[in-house]
Amino acid sequence: MGFFKRLLGGDKKGKSQRYIDMTGVYFYFQCDNCGTRVRVRADKQHDLLSEGDGYVWHKTVVDSKCFRRMQTVIHLDHHYQVTSCELHGGQFLTQAAYEAAEAAAQAKGDQPPDEQEEASESE
Ligand SMILES: [Zn+2]
């Protein structure tokens, strides 16, 4: 019997379950200044503050290109759905818009736009 117990209580680490982030909420921003998209994770337990019948999240978002600060205040209901939001210095993106823009950028090789310098014809 000891053998079966060992067998059943065996190693559970080998499971290849897809990781689902149950404690995080994701928000998507785009910097007004340089156009960089930023994805920010808020922890439901540590970052969101209880307020009324929902939550509020205060955050200063900084992109990785121009490092300009985007001040945001997001209100959520108790299903973690955004009910209102304020953002200074950037724009909100939906997850779909963010992923579409990222996919498009990758398809293009994510290169900065070519600045075509016209050769001056002064001959
Ligand atoms: Zn920026």
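How many bridges join β1 to β2? There are seven, and the two strands run antiparallel. Strands here are DSSP runs of E with at least two residues, helices are runs of H or I with at least four, and both are numbered from the N terminus. Two strands count as paired if DSSP finds at least two bridges between them. The model is a predicted one, so to speak of local features a pLDDT of at least 70 is needed, side-chain atom pairs count only at pLDDT 80 or more, and totals for chains, interfaces and linings use all residues. Residues are numbered from 1 along each chain as its sequence is written.

As for confidence, pLDDT is the predictor's own score for each residue, from 0 to 100. Its mean over the chain is 84, with 75% of residues at 70 or more. Helix α1 (residues 2-8) has the lowest confidence, at a mean of 55, while β4 has the highest, at 97. Where pLDDT is low, the predicted coordinates should not be read in detail.

Back to the pair from the opening: G24 has D43 as its bridge partner in β2. Both strands belong to an open, antiparallel sheet of three, ordered β2-β1-β7. β2 (37-43) and β7 (90-93) sit at the edges with a single partner strand each, so one side of each is left without a neighbour in the sheet. Neighbouring strands of this sheet are turned by 35° against each other on average, direction ignored. Helix α2 lies across β1, β2 and β7, and runs at about 135° to β2. For such angles, axes are lines fitted to C-alpha atoms, for helices over the stretch in contact, and the angle runs from 0 to 180 degrees between N-to-C directions. Contact between two residues calls for C-beta atoms, placed from the backbone, within 7 Å.

A residue is buried if 20 or more other C-beta atoms lie within 10 Å of its own, exposed if 12 or fewer, and partly exposed in between, with C-beta atoms placed from the backbone. Of the 13 residues of α2, the number buried is zero, so the helix lies largely in the open. After α2 comes G109, with a positive phi near 85°.

Strand β5 (residues 69-77) pairs on both counts. With β4 (residues 54-62) it runs antiparallel over nine bridges, and D77 is the bridge partner of G54. Six residues lie between the strands of this hairpin, where F67 takes a positive phi near 60°. With β6 (residues 82-88), β5 is again antiparallel, over six bridges, among them one that links I74 to C85. This hairpin has four residues between its strands, and Y80 takes a positive phi near 65°. Q81 is also in that loop, and is exposed, with 10 other C-beta atoms within 10 Å.

M70, T72, I74 and L76 form the covered face of β5, whereas R69, Q71, V73, H75 and D77 form the uncovered one. The largest nonpolar core has nine residues: F27, Y28, F29, C31, Y55, W57, M70, I74 and L76. A nonpolar core is a set of buried Ala, Val, Leu, Ile, Met, Phe, Trp, Tyr and Cys residues joined through C-beta atoms within 7 Å. The largest share of this core, four residues, comes from β1.
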